[in-house]
Amino acid sequence: MKRVRIVFSGSGGQGVITAAIILAEAAVIYAGKNAVQSQSYGAAARGGATRSDIIISNNDIHFPGVIQPNVLVCLTQEAYNLYSPIIRPGGTLLTDSRYVKTTRNVDARQTELPMYDTVMEQIGKPIVFNICVLGALIGSTELLRPGALIKAVADRVPKNFLELNTKAFDLGLSLAQDNL
Amino acid sequence: MAIQDYLRQRYFPHMWCPGCGHGTILNSLLRAIEELEIEKNDLVITSGIGCSARISGYVDFHSLHTMHGRALPCATGVKLSRPHLNVIVPMGDGDALAIGGNHFIHAARRNIDITAIVMNNRIYGMTGGQFSPLSGPGVNATTAPYKTIDNSFDTVKLAIAAGASFVARSTAYHAQESTDILKKAIQHKGFSVVEILSQCPTHYGRKNKEGDAASMLEFHKKNTARIGSKALEKNPDLTPRGIFVDVDTPEYCAEYEKIIAVASKEKM
Amino acid sequence: MKNKIKFIQGNEACVEGALYAGIDFFAGYPITPSTEIMEHLARRLPERGGKFIQMEDEIASMCAIIGASLTGRKSMTATSGPGFSLKQEAIGYACMTEIPCVIANVQRGGPSTGNPTHVSQGDVNQARWGTHGDHSIIALTASNHQDVFAMTVDAFNLAETYRTPVILLLDEAVGHMREKLIVPEEGELEIVDRLRTALGRDVDYHPYLPREDGRLPMSDFGGEHRFNVTGLFHDMWGFPSNNPKVINELLRHLVDKIENNVQAITRYKEHCLDDAEYILVSYGSSARSAIHLAKSRRNRGEKIGVLELQSLWPFPTELVREKCSNAKAVLVVEMNMGQVLAQVKAAVEKPDRVFLANRIDGKLITPSDIKKLLRVIQGRGV
C-alpha cells in the first residue's frame with residue numbers, strides 16, 4: 001500500500017477527531033499498518049473549525065503533518081472552502097451534501113453523499129454521524145477492510161451502543177457503494 | 001525517655017535568640033511526643049524555612065528541612081507514601097501563611113493526617129524583622145517604617161474555613177496547655193492546626209516597644225483567655241485559646257486506600 | 001501480543017514507560033499540553049497500588065514527589081511551560097538533596113502563557129539552567145512514541161543511578177500525536193532500582209557519604225535510619241554546614257557526578273549518517289522532519305544524514321564533534337532561536353559551518369522548511 005494522507009475537517013462536536021482516531025487506530029491495530037494522527041487543539045476543538053491529519057503507510061512515518069491530502073473529508077462549508085484547494089490532484093474529496101455546497105472546481109474525485117440526512121432518517125441520532133462518514137469513506141476509498149473499522153469502533157463505544165454504530169457504519173458504506 | 005534523648009546534641013547550641021519563644025514550643029512538642037510514647041522511627045518532622053523551621057534539625061526523628069513555604073506539600077508526599085508515619089510540620093507565620101498560604105489551605109481542605117504547628121511571632125525573624133501576614137496593622141517592622149497597614153489573617157478562622165478537622169490555639173507562655181493540645185492534635189486523624197503564639201524579642205519586641213522576653217510572655221498571658229472562660233466572656237477582645245474544632249471527617253490517605261481498592265478491583 | 005500494540009498519544013506512551021519503569025507516585029497540576037499524562041496516571045496508578053495526587057499548584061506537585069521519592073517511591077510529575085518555571089525552585093532542592101525524580105516537560109510556546117496548544121522546543125536551556133546556582137542536570141528527549149517510552153524508562157533509571165532529578169523534555173507535537181507503541185515485554189528493557197544501603201537498623205547511616213564507586217546508597221526516609229535532609233549545604237550526615245571545604249566538595253560532587261559520566265548518559269540515534277556530507281542535528285518532533293528530509297534526499301542520491309540527540313544535558317559535546325567532523329555543513333533543526341545550535345557550534349571544529357534551521361511560530365517545522373535552507377547552503381539557490 002502506498003502512503004495515504006488524509007485530512008478530516010469539520011466543526012467541533014461533529015465527531016471529526018474521534019472518526020480520525022478510529023480510522024488510524026483500525027489501520028494500526030487491526031490492519032497491521034503504521035499510522036500517525038494529529039489534530040488542531042484549542043478553541044477550534046470547541047465549536048470552531050476542526051482538522052485532523054492522518055497518514056497511513058506500510059513504512060515508517062516521520063513528518064506527521066499532511067500538506068497535500070490524497071483523501072479529504074469536509075463536513076462543513078467553512079472546512080470545504082478552507083481545505084479543498086490543498087487536495088492532491090486526483091485525490092478523493094468526500095463531503096456531506098447537507099452541510100457542503102461544492103463548487104466542483106477541484107481536481108479530485110468529488111463524492112457528495114447525504115450522510116447526515118440518511119442518519120437522521122434511518123437512525124434519528126446525530127451522534128453516530130461521524131461513524132456513518134467513516135463507512136462512506138471506507139466505501140469510496142477501500143482504505144481498509146470494513147471489518148477492521150468495526151473492530152476499532154467496538155473498542156471505543158460502549159457495548160450497548162455498538163449496534164447503533166454498526167448500523168451507521170453500514171449506512172455510510174452502502175451510500176458510498178451505491179454512488180460508485 | 002528524657003527530653004535530651006529526643007535532641008540531636010551535635011546540632012547545639014541552637015540558633016534561636018535569647019528569649020525566643022520557639023524553644024519553649026519545641027519543649028512542649030517533645031513532651032507531647034514523649035507522653036504519647038511515639039517511637040522515634042515513626043515520626044517525621046518536615047519544615048520549611050525560617051527560625052521555626054530549624055526545629056527539624058534539632059530533633060532526633062526523621063527530619064526533612066525543605067524550602068520556604070513548601071513544608072506541607074513535601075510532607076504530603078511523605079505522608080501519602082507512608083501513611084503509618086506521624087508527620088508533624090512546624091512552621092513560622094510567614095512560612096505557613098504567606099509564601100506557604102496556598103499549601104496551607106489546601107492541606108486543610110484535603111484533611112490529610114498531618115499536624116501543622118504555626119509558631120506565630122508576627123514577624124520574619126531570620127531575615128531581620130519584616131512584617132508578616134500575621135503582624136496586623138499598626139506594627140513597626142523593617143519593611144514598615146511608617147507602620148503596617150496590612151490586615152492580618154486569623155489563623156484559627158482560616159484553618160476552620162479551609163476544612164481542618166482539628167484547630168487549636170495556645171501560647172508559648174502556656175507551655176503545659178500547649179503540650180496537652182499538641183498531644184490531641186497529633187492523635188487526631190486528619191489535618192490538625194495548632195497556632196502557638198510565640199515571641200520574638202529581638203525583632204518584634206524591640207521595634208514595637210513590647211519590652212523583653214518576660215514582658216512579651218506576660219503579654220501572652222494577659223491578652224489571651226481560654227474558650228468558655230469567664231475572662232473571655234467579660235472581655236471578648238482577648239484572643240481565645242483552646243480547641244476550636246475537633247471533628248471526625250474522612251482523612252485523605254484513608255480515602256485514597258478506598259480508591260486503590262476500587263481501581264484494583266475494576267482492573268481485575 | 002495484541003494488547004501490547006497500542007495506538008496512543010505520546011503523553012500516554014510516557015505513562016506506559018513510567019509504569020514499565022515502576023512508578024509508584026505521581027503528583028501534578030493540570031496544564032496543556034501535558035495534562036494527558038496526569039489523567040492517565042490518575043486511573044492507572046491506583047490499579048496497582050500506586051498513589052496519585054492532584055496538588056494545588058505546580059510547586060506543590062514538585063514538592064510532593066520529592067517527599068514521596070525520599071520515602072523510597074519512584075516518583076514523577078509532568079508539566080509544561082509556565083508550570084516548568086514554577087517547579088524550578090524545588091528541582092534545585094532535589095538536585096541539592098540528591099533525590100531521584102522525573103519531571104516530564106511537554107514543551108509549548110513561550111515565554112509566559114505563550115502558545116499552550118502549539119509546539120515549541122524553547123525550554124532546552126531552562127532545563128539546564130532553570131534553577132538557581134551551579135548544578136548539573138540530565139535531560140532526555142524523544143521523537144516518536146517507542147522512544148518516548150524508552151526514554152521515560154531511562155529517565156527513571158538515570159534518576160536512580162545518579163540520585164538526581166531527570167528532565168524528560170518532550171514537546172506538544174509528540175505529546176499529542178497518536179501513533180503506534182509496542183509495549184516491550186517485561187525484562188526487555190533494563191530497570192534500575194534504587195540503590196539502598198545495606199546497613200541495618202541502629203547502625204549509623206550517612207545519607208551523603210559516597211561509596212568507593214561514588215554512588216550514594218539511600219535509606220528510605222521514615223524507615224530504619226533517622227537522618228536529616230536539607231537544601232542547605234550539608235555534610236555527610238545531612239547536617240547544614242557553611243564550612244568552605246564541605247561546600248566546595250558538595251558542589252563539585254553535584255556537578256561531577258553527572259559531567260564525568262557524559263558518555264554513560266548520552267543517548268542518540270543515527271539516520272543515514274555514515275558518509276553524510278550534510279548533517280542535520282535534531283531532536284524531539286523536529287527530528288521527524290529532519291529524518292523525513294534525509295531519507296527522501298538519500299533516495300535522490302544526496303549524502304545527507306541525521307544525528308538525533310536523545311540526551312540534551314549533559315550535552316554530548318564529544319559525540320557531536322566526532323560525528324560532524326567530516327561534514328561540509330551542519331544544520332541544527334529545532335523549534336527555538338538556537339538553543340542547541342549554540343552547543344553544537346561550541347562542539348564542532350568549524351562553527352561557521354553550523355546553521356540553524358528553525359521554526360518558532362507554533363507550527364511543526366516541515367521537511368521543506370529544512371530543504372529550503374539546505375539548498376542555500378549547498379549553493380543551489382533559493
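**Exercise 1.** In this predicted model, determine how many residues of chain A are in contact with how many residues of chain C, and describe the side of chain A that touches chain C.

*Solution.* Begin with the count: 16 residues of chain A are in contact with 15 residues of chain C, where contact requires C-beta atoms that lie within 7 Å. Next, look for the elements involved: α1 (16–30) and β2 (34–39) of chain A each contribute at least two residues to the side that touches chain C.

**Exercise 2.** Work out which strand of chain C is joined to β2(A), and in which direction the two run.

*Solution.* The partner is strand β9 (residues 178–182) of chain C, which is joined to β2(A) by two bridges, and the strands run antiparallel. To locate the pairing at the level of residues, take A:Val36, whose bridge partner in β9(C) is C:Glu179.

**Exercise 3.** Carry out the analysis for chain B where it touches chain C, including any strand of chain C that is joined to β2(B).

*Solution.* Here 33 residues of chain B are in contact with 34 residues of chain C. The elements of chain B that give two or more residues to this side are β2 (62–65), α3 (71–81), α5 (101–110) and α11 (252–267), and the largest share, eight residues, comes from α3(B).

Definitions and conventions:
Residues are numbered from 1 along each chain as its sequence is written. Chains are lettered from A and ligands numbered from 1 in the order in which they are written. This is a predicted model: local features need pLDDT of at least 70, side-chain atom pairs count only at pLDDT 80 or more; totals for chains, interfaces and linings use all residues. Two residues are in contact if their C-beta atoms, placed from the backbone, lie within 7 Å. Helices (H or I, at least four residues) and strands (E, at least two) are DSSP runs, numbered from the N terminus. Ala, Val, Leu, Ile, Met, Phe, Trp, Tyr, Cys and Pro count as nonpolar, Asp, Glu, Lys and Arg as charged, and the others, Gly among them, as polar. Two strands pair if DSSP finds at least two bridges between them.
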